[in-house]
Amino acid sequence: MKRWMAWLTVTVLAVSSMPAGGTAPVAAVEPKREIRAFWVDAFHDGFKTREQVDQLMRDVRRSKANTVIVQVRRRGDAYFNKALEPRTEDPALSAGFDALDYLLQQAHRETPRIEVHAWLATLPIWNSATPPKSPDHVFNRHGPGAKGREYWLMDSYAGENRSGADYVLDPGHPDALDYTVDQYVNVVKQYPVDGIHLDLVRFMGEEWGYNPVSLERYRKQTGAEGRPNPGDAGWKEWRRKQVDHLMRKVYLKSIAIRPELKVSAAVIAWGKGPQTLEEYRRSAPYSQVMQNWDGWLSEGILDLALPMNYDREHVEEQRAWYDLWIDWEKDHQYNRQIAAGPGIYLNSISGSLAQITRAQAPSAAGHRLAGVSLYSYAETNKDGASREDFLTALTEPTSHGEPVFTEPALPPEMPWKTRPQAGALMGQVQDSDGNTLDGITLQLRRGNRVHTLQTDGHGFFGKAELAPGLYTLKPDRSSGSSRTHAVRVVAGEVAEVKVQMK
């Protein structure tokens with residue numbers, strides 16, 4: 001009876017809107033908008049042959065998902081042919097096969113298209129005691145055997161240069177930072193990816209970051225002496241800014257080439273989630289690994305944050321951590337987007353369905369996440385159930401619970417890209433001999449609004465989310481230059497400027 005009443009109501013409404021002597025207009029139905037992504041890692045199979053890519057596409061479409069985040073750079077290596085780095089030594093990758101190119105062809109050939117985000121491990125560059133075979137690999141050129149400024153690795157306070165299995169570049173070393181940025185920019189130039197995805201864009205812990213060049217820069221900029229303790233507040237803030245420089249440079253250089261590109265990052269969400277900004281600044285991402293992803297969103301240098309909400313639903317404390325984090329995420333998107341990242345590999349299928357359902361619900365303030373990204377395509381549950389069982393449970397009622405993807409969905413619009421109201425600026429500061437200048441502070445002014453910018457180790461500076469118009473840019477007085485530059489910012493574009501100091 002209730003179902004018949006609902007049908008009758010719709011019919012009456014349609015008839016009441018029918019124009020005299022005509023036929024009833026058919027109202028357009030807006031598609032559901034929700035990110036439904038799978039992380040597809042390179043430490044497992046999933047995209048290394050044509051057959052695996054074809055199966056991946058079938059699985060994604062069948063599950064009513066719309067995005068794949070595929071790890072095409074594992075540790076300083078490439079699963080694609082138009083790369084700046086050596087081809088991976090992974091024997092599972094078909095000879096000569098450009099996994100990224102074929103994946104893009106298959107994902108974009110049908111409607112609705114599947115978005116492809118190229119996932120690059122950002123700072124780790126090798127994870128074996130046996131060196132890479134290629135002499136051009138960054139590990140062989142700038143790893144443990146390198147001397148002086150050619151040594152790029154992140155060292156620990158205790159003098160180690162290997163974090164677990166990984167050798168990691170230090171973002172406080174200007175050359176290491178620029179090398180890393182170049183890997184992302186190259187993918188943007190060479191492939192029609194829908195997005196680029198930064199992973200491991202952080203320090204390995206508060207005891208890491210003691211590369212000699214980084215320490216020298218820190219002492220020069222702050223006046224500090226000796227080796228700072230790992231927990232020193234000023235040292236932690238300086239390292240945090242180096243990660244910010246990396247994120248900002250990747251973002252601005254990438255969207256300067258392709259403004260529609262989506263820039264995302266897998267970010268830390270360890271332990272108990274915050275409820276206030278003060279708690280966020282005491283949380284793991286900000287205080288332990290110097291990754292201020294909340295700040296990246298508010299600054300507008302990240303389009304999509306994917307917190308790694310890897311918590312066990314069957315462990316009461318971790319279930320509470322998960323809920324605190326997703327509540328924070330829902331209410332702190334700053335006109336950008338966050339999609340929760342449940343660790344389905346840690347959970348039963350029913351546990352993952354429960355976590356996805358809570359991620360889809362609004363916060364108490366009425367805010368919703370942009371969707372979910374599931375880790376991982378290779379391992380869909382902790383119990384050894386098949387991927388087939390998991391994919392079925394996403395879209396159909398099963399013994400595991402009610403489905404979470406009951407209808408097709410498209411990724412949400414990013415209006416700051418499709419209908420931009422703001423522009424951005426990037427530039428470089430050099431001296432009269434063409435040398436780039438580190439740590440220079442600049443004032444960017446328009447009317448009464450002043451933005452303070454600072455250069456990275458190679459003189460780069462930038463600012464997103466600027467209102468269109470004419471700005472003046474001037475190094476501060478302590479830099480010894482009084483020259484003012486005029487810069488026009490246009491909505492949807494990245495203005496570029498060179499600043500020369502005397």
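This is a predicted model: local features need pLDDT of at least 70, side-chain atom pairs count only at pLDDT 80 or more; totals for chains, interfaces and linings use all residues.
Residues are numbered from 1 along each chain as its sequence is written, and side-chain values use heavy atoms, with hydrogens and water left out.

**View A. Salt bridge between arginine 74 and aspartate 90.** The closest N and O atoms of this pair are 3.8 Å apart; a salt bridge is a side-chain nitrogen of Lys or Arg within 4 Å of a carboxyl oxygen of Asp or Glu. Both residues lie in the loop between strand 3 (67–73) and helix 3 (99–108), 16 residues apart. Helices (H or I, at least four residues) and strands (E, at least two) are DSSP runs, numbered from the N terminus. Arginine 74 and aspartate 90 are both buried, that is, under 20% relative accessible area, with exposed meaning over 50% and partly exposed in between (1.4 Å probe, protein chains only). A network of salt bridges links Lys48, Arg74, Asp77 and Asp90.

View B. Arginine 240 is buried at 7% relative accessible area, whereas glutamate 237 is partly exposed at 30%.

**View C. Salt bridge between aspartate 303 and arginine 336.** The side chains meet at 4.0 Å, N to O. Aspartate 303 lies in the loop between helix 10 (293–299) and strand 9 (304–309), and arginine 336 in the loop between helix 11 (316–331) and strand 10 (337–342), 33 residues apart. Aspartate 303 and arginine 336 are both buried.
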